[in-house]
Amino acid sequence: VAYAEANPERKLASSAPVLTSAEVDNKKKKVVVLGTGWAGTSFLRNLKNPDYEVHVISPRNYFAFTPLLPSVTCGTVEARSIVEPIRNIARKKTVDVQFSEAACLKIDAVNQKIYCRSNVENNLNGQEEFVVDYDYLIVAVGANVNTFNTPGVVENCHFLKEVEDAQKIRRTVIDCFERASLPAVSEEERKRILHFAIVGGGPTGVEFAAALHDFVNEDLVKLYPGVKDLVKITLLEAGDHILNMFDKRITAFAEEKFQRDGINVKTGSMVVKVTEKEIFTKELKNGGEVSTIPYGMALWSTGVGTRPFIRDFMSQVGQANRRVLATDEWLRVEGCDKVYAIGDCATINQRKVMEDIAAIFRKADKDNSGTLTVEEYKAVINDICERYPQVQVYLKSQQMKNMVDLLKETPDVSKGSAELNIEDFKTALSKVDSQMKNLPATAQVAAQQGVYLAKCFNRMEDCEKNPEGPLRFRGEGRHRFRPFRYKHLGQFAPLGGEQTAAQLPGDWVSIGHSSQWLWYSVYTSKQVSWRNRALVVTDWVRRFIWGRDSSR
Ligand code: FAD
Ligand code: MG
Ligand code: MG
Ligand code: MG
Ligand code: MG
């Protein structure tokens with residue numbers, strides 16, 4: 001690593017001195033990991049191959065357990081309990097790991113270098129900048145908040161992405177109660193200050209609304225009896241329903257529960273502008289009528305966007321037209337070499353069966369007869385299912401067990417003809433691509449991608465010596481590893497009052513107090529260290545006994 005002093009405003013000097021990885025260690029290959037979130041940390045924890053030297057670069061020197069961030073906003077769990085220093089994780093590894101607290105500003109994929117700037121403000125030199133080169137780069141920088149360029153959002157709304165955000169929200173909530181309790185404030189102004197608006201009816205918005213409702217009704221009403229009746233919580237959602245990524249039963253339960261609790265759910269309401277004291281919404285159901293809502297505190301939680309330096313990188317590698325950085329199914333960034341991307345910052349560009357149909361047919365037709373026998377067809381089924389996950393999703397949606405059932409549906413075969421030509425083959429598979437969906441931006445996906453990629457790196461040498469893979473459809477040629485496959489383990493939506501909705505694989509839905517206990521146990525077990533586990537459980541016990549702390 002070389003440090004180059006530079007003016008933050010100046011263009012990054014590409015001539016800054018660089019120590020090549022060969023000079024540092026002439027044997028080990030250098031893997032640079034950007035980010036210490038779910039994806040980056042999961043990669044780091046699972047990497048075992050001592051042939052690599054790892055350099056982790058991230059503007060924060062800890063991992064944060066994001067699913068418990070909503071609990072931090074109300075003091076149910078303390079911020080310190082859900083973070084783990086990255087140096088603690090690195091210290092336990094047999095692999096060489098170095099950490100730098102800095103943000104990557106630019107990726108130069110051609111020269112295999114990244115440009116970074118440290119967080120540390122240095123009065124004499126401005127901020128420290130440096131250049132790092134890599135043999136392999138793993139981009140795991142997560143996503144930005146997406147404001148859809150709505151005016152006033154950045155200036156006036158809270159976000160909930162980082163630990164600092166959660167701590168700030170906690171202080172602001174208490175602040176609103178204190179301000180509303182001051183003697184000279186008018187009734188109308190008190191009402192405004194105690195109106196909490198949440199924009200976005202996804203899992204984060206819903207969980208925050210529920211957590212805030214509990215905090216107000218279990219703890220703050222006792223402490224602020226004078227203003228307790230003025231509190232209002234409003235959830236604004238542009239779509240027709242909240243939690244629309246969940247099963248309909250969960251959505252319905254959540255909407256009913258919120259109504260009973262007095263949380264005001266406004267669907268079909270699109271926020272178009274936010275000022276210091278008012279939110280402007282377009283009522284999609286009322287022909288686009290604009291209405292204004294006075295508020296005291298607003299949380300913006302409407303999905304994720306791409307970071308600017310990733311945008312810049314995308315245009316370098318020919319992905320300027322895409323919305324999100326694309327990788328292939330081995331998580332390699334498309335359009336450049338040696339760069340991988342995992343987690344919220346990337347999406348897998350899944351291959352369409354229809355685009356490869358001729359190649360698949362040729363591969364299956366072992367005797368080059370131009371037709372497939374049922375045996376030939378059966379022999380290629382497993383490969384197809386593995387290579388194109390949408391096939392399995394399609395079979396499941398049609399309640400078919402395997403592709404032989406699919407075959408039975410094609411006209412020629414059902415007529416009794418034993419052989420299948422390419423047109424029949426196309427007909428059989430024509431609908432499967434419609435089932436393709438991008439993976440969600442969740443910790444579960446990010447963590448599994450980190451594990452997958454670490455396993456690839458653990459076996460990389462093995463692969464280079466013996467590159468023949470089990471599957472060799474178009475393009476992927478000499479890659480030995482199976483493509484990344486996501487395994488969905490289920491999803492929770494905490495709804496407050498010690499009730500949680502759980503949607504587990506196989507459309508198994510459970511709502512209520514028992515799922516809350518499942519939630520407690522799953523989130524305890526998923527903590528990255530025993531220290532975190534102990535801290536989180538202690539926080540919960542403390543809350544059961546004494547309630548949440550309401551000091552600023
Ligand atoms: P992140 O975890 O966001 O990590 C990104 C990392 O990159 C950070 O360390 C960041 O500091 C670093 N970074 C940023 N910029 C740079 C840069 N320029 N250079 C270097 N490093 C950089 N998912 C679930 O599955 N279940 C849940 O219950 C759940 N609850 C959630 C609740 C909340 C409040 C939030 C915000 C998210 C929740 N998620 C949940 C989603 C989950 O947190 C994300 O999908 C996950 O964090 C994505 O992991 P990541 O590693 O891609 O990004
Ligand atoms: Mg990460
Ligand atoms: Mg994270
Ligand atoms: Mg992703
Ligand atoms: Mg044949």
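**Reading a sheet and a ligand site**

Mentor: Take one bridge to begin with: Glu283 has Glu289 of strand S16 as its bridge partner. Keep in mind that this is a predicted model.

Trainee: Which strand is joined to S16, and by how many bridges?

Mentor: Strand S15, residues 278-283, is joined to S16 by six bridges, and the two run antiparallel.

Trainee: How many bridges pair S14 with S15, and in which sense?

Mentor: There are five bridges between S14 and S15, in the antiparallel sense. In one of them, Met270 has Lys282 of S15 as its partner. S14 and S15 also form a hairpin, with three residues between them.

Trainee: What is the order of the strands in the open sheet?

Mentor: The order is S14-S15-S16, three strands with antiparallel pairing. Strands S14 (269-274) and S16 (289-294) each have a single partner strand, so each is at an edge and has one side without a neighbour in the sheet. On average, neighbouring strands here are turned by 35 degrees against each other, with direction ignored.

Trainee: How do side chains sit in a regular strand?

Mentor: As a general idea, they alternate between the two faces of the sheet.

Trainee: Now the ligand. How many residues surround ligand 1, and which are the closest?

Mentor: A shell is read by counting the residues around the ligand. Ligand 1 is surrounded by 31 residues, of which Ala39, Thr66, Cys104, Asp344 and Thr442 are the closest. By class, 17 of the shell residues are nonpolar, 10 are polar and four are charged.

Trainee: Which polar backbone atom is 2.8 Å from a nitrogen atom of ligand 1?

Mentor: That atom belongs to Cys104. On the oxygen side, an oxygen atom of ligand 1 lies 2.8 Å from a backbone N or O atom of Asp344. For Thr442, a polar backbone atom is 3.3 Å from an oxygen atom of ligand 1. Of the 980 Å² of accessible area that ligand 1 has on its own, the protein covers 89%.

Trainee: Which helix gives the most residues to the shell around ligand 1?

Mentor: Helix H17 does, with three residues. At least two shell residues come from each of helix H2 (38-46), strand S3 (52-58), helix H3 (69-73), strand S6 (96-108) and helix H17 (443-458).

Trainee: From which domains does the shell draw at least three residues each?

Mentor: Domain 1 (2-143 + 306-346) and domain 2 (153-304 + 489-546) each supply at least three residues to the shell around ligand 1.

Notes: Residues numbered from 1 in each chain as written. Chains lettered and ligands numbered in written order. Predicted model: local features only at pLDDT ≥ 70, side-chain atom pairs only at ≥ 80, totals over all residues. Heavy atoms only, no water. Pairing = 2+ DSSP bridges. Helix = DSSP H or I, 4+ residues; strand = E, 2+ residues; numbered from the N terminus. Axes fitted to C-alpha atoms, helices over the stretch in contact; angles between N-to-C directions. Near = heavy atom within 4 Å. Polar contact = N/O pair within 3.5 Å; in protein donor to acceptor, adjacent residues only side chain to side chain. Areas by Shrake-Rupley, 256 points an atom, 1.4 Å probe, with all protein chains shown as cover. Nonpolar A, V, L, I, M, F, W, Y, C, P; charged D, E, K, R; others polar. Domains from an automatic or database assignment.
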